[in-house]
Amino acid sequence: MSSEILKTKNLVKSFGGLRAVDRVSMDVQERTLTILIGPNGSGKTTLINLITGVYKPDQGRIMFDGRDITGLPPHEIFRLGVARTFQIPQPFRKLTVLENLLVCCNNPGEGFISALRRRAWTRFEEEAIERAFKLLKLLNLDHLWDQESWKLSGGQMKLLEIGRALMSDARLLVMDEPVAGVNPTLAHEIFRSLIRLRDELGITIFMVEHRLDIALQYTDEAYVMASGKIISRGRPEEVVMDPQVIEAYLGG
Ligand SMILES: Nc1ncnc2c1ncn2[C@@H]1O[C@H](COP(=O)(O)OP(=O)(O)OP(=O)(O)O)[C@@H](O)[C@H]1O
Ligand SMILES: [Mg+2]
């Protein structure tokens with residue numbers, strides 16, 4: 001049986017008079033791909049910003065892995081094992097794919113890249129390289145390890161961004177619309193990579209995604225937000241049939 005890795009209780013975040021997140025209580029089960037959907041402006045990105053520490057909630061609590069992380073700054077939350085990808089990948093273009101992962105390691109120390117180029121590395125560096133290759137393999141990027149990143153396709157850059165986020169030993173990966181603007185073939189490839197990461201590394205994925213046509217078949221559980229509130233939760237094929245959800249989309 002799985003257990004919850006992330007839990008929020010009555011989270012509230014207002015901007016001026018607008019309650020962007022309005023008493024949101026939810027939980028994400030470990031080793032699942034959990035998706036958050038909802039009409040534009042329903043508060044999805046704000047909720048993700050609360051979970052990753054970008055915003056502090058006005059009210060409510062956030063628990064990660066049994067620990068209260070409410071109000072912690074983003075780097076602390078990251079250090080505890082919550083990684084995040086952004087909509088626009090920003091790799092170091094001149095570095096290779098492998099180097100891009102290695103510079104993301106906790107405390108790589110000075111000269112990590114030059115050590116790599118000299119092929120004289122320490123145990124710590126060896127472990128990082130091992131982890132990097134494991135991730136690259138799961139992401140189907142291992143054959144590109146020595147390519148300079150600027151040569152990658154848009155979809156490969158997104159995969160690299162996921163790899164970079166996971167070099168930290170993160171247990172929860174939070175993503176905001178990871179396949180926005182990606183063609184369907186690549187979008188499926190990205191989802192299949194995420195499923196491999198879930199199954200082989202035990203990583204939990206919590207994502208906002210509009211492209212239900214693509215995401216649904218990979219999704220373990222779905223939450224739906226409208227006007228700052230969670231209005232439905234369950235198996236993805238069930239929530240999309242929920243009359244309240246249909247109304248929120250049509251009315252929104
Ligand atoms: N920093 C901010 N300052 C003021 N208002 C904000 C801020 N961030 C979000 N909002 C408002 O809060 C509401 C929720 O926004 P949010 O970006 O969380 O929605 P969303 O569900 O991610 O929408 P989308 O699907 O368009 O990405 C919107 O009305 C938005 O205008
Ligand atoms: Mg958003």
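A polar contact is a pair of N or O atoms within 3.5 Å; within protein, one must be able to donate a hydrogen and the other to accept it, and residues adjacent in sequence count only if both atoms are side-chain atoms. The model is predicted: local features need pLDDT of at least 70, side-chain atom pairs count only at pLDDT 80 or more, and totals for chains, interfaces and linings use all residues. Residues are numbered from 1 along each chain as its sequence is written, chains are lettered from A and ligands numbered from 1 in the order in which they are written, and side-chain values use heavy atoms, with hydrogens and water left out.

**View 1. Polar contacts of ligand 1.** A backbone N or O atom of Ser 42 lies 3.2 Å from an oxygen atom of ligand 1. A polar backbone atom of Gly 43 is 3.0 Å from an oxygen atom of the ligand. Tyr 55 uses its side chain: a polar atom there lies 3.2 Å from a nitrogen atom of ligand 1. On its own, ligand 1 has 640 Å² of accessible area, and the protein covers 61% of that. Such areas come from the Shrake-Rupley method with a 1.4 Å probe; for residues, only the protein chains shown count as cover.

**View 2. The shell around ligand 1.** Ligand 1 is surrounded by 14 residues, where near means a heavy atom within 4 Å. The closest are Asn 40, Gly 41, Lys 44, Thr 45 and Thr 46. Strand S2 (18-29) and helix H1 (44-51) each supply at least two shell residues. H1 gives the largest share, three residues. Helices (H or I, at least four residues) and strands (E, at least two) are DSSP runs, numbered from the N terminus. The shell has five nonpolar, seven polar and two charged residues. Here Ala, Val, Leu, Ile, Met, Phe, Trp, Tyr, Cys and Pro count as nonpolar, Asp, Glu, Lys and Arg as charged, and the others, Gly among them, as polar.

**View 3. The largest pocket.** Its volume is about 380 Å³. Of its 15 lining residues, the closest to the centre are Phe 78, Arg 84, Phe 86, Glu 161 and Ala 165. Helix H2 (74-80), strand S6 (82-85) and helix H6 (154-166) each give two or more lining residues. By class, the lining has 10 nonpolar, two polar and three charged residues. On a 1 Å grid over the protein atoms alone, a pocket is an open set of points with protein on both sides within 12 Å along at least five of seven lines, a cavity is a set where a 1.4 Å probe fits but cannot get out, and lining residues have an atom within 4 Å of a point. Points are joined across faces, edges and corners, and a volume is the space filled by probe spheres set on them.

**View 4. The second largest cavity.** This cavity holds about 30 Å³ of space. Its lining includes Leu 50, Tyr 55 and Ile 77. The lining residues divide into eight nonpolar, two polar and one charged.

**View 5. Two loop residues with positive phi.** Asp 65 is not a glycine, yet its phi is about 55°. Asp 65 sits in the loop between strand S4 (59-64) and strand S5 (67-68). Ser 227, also not a glycine, has a phi of about 45°. The loop of Ser 227 runs between S9 and strand S10 (229-234). Asp 65 is partly exposed, at 41% relative accessible area, whereas Ser 227 is exposed, at 62%. Buried means under 20%, exposed over 50%, and partly exposed in between (1.4 Å probe, protein chains only).
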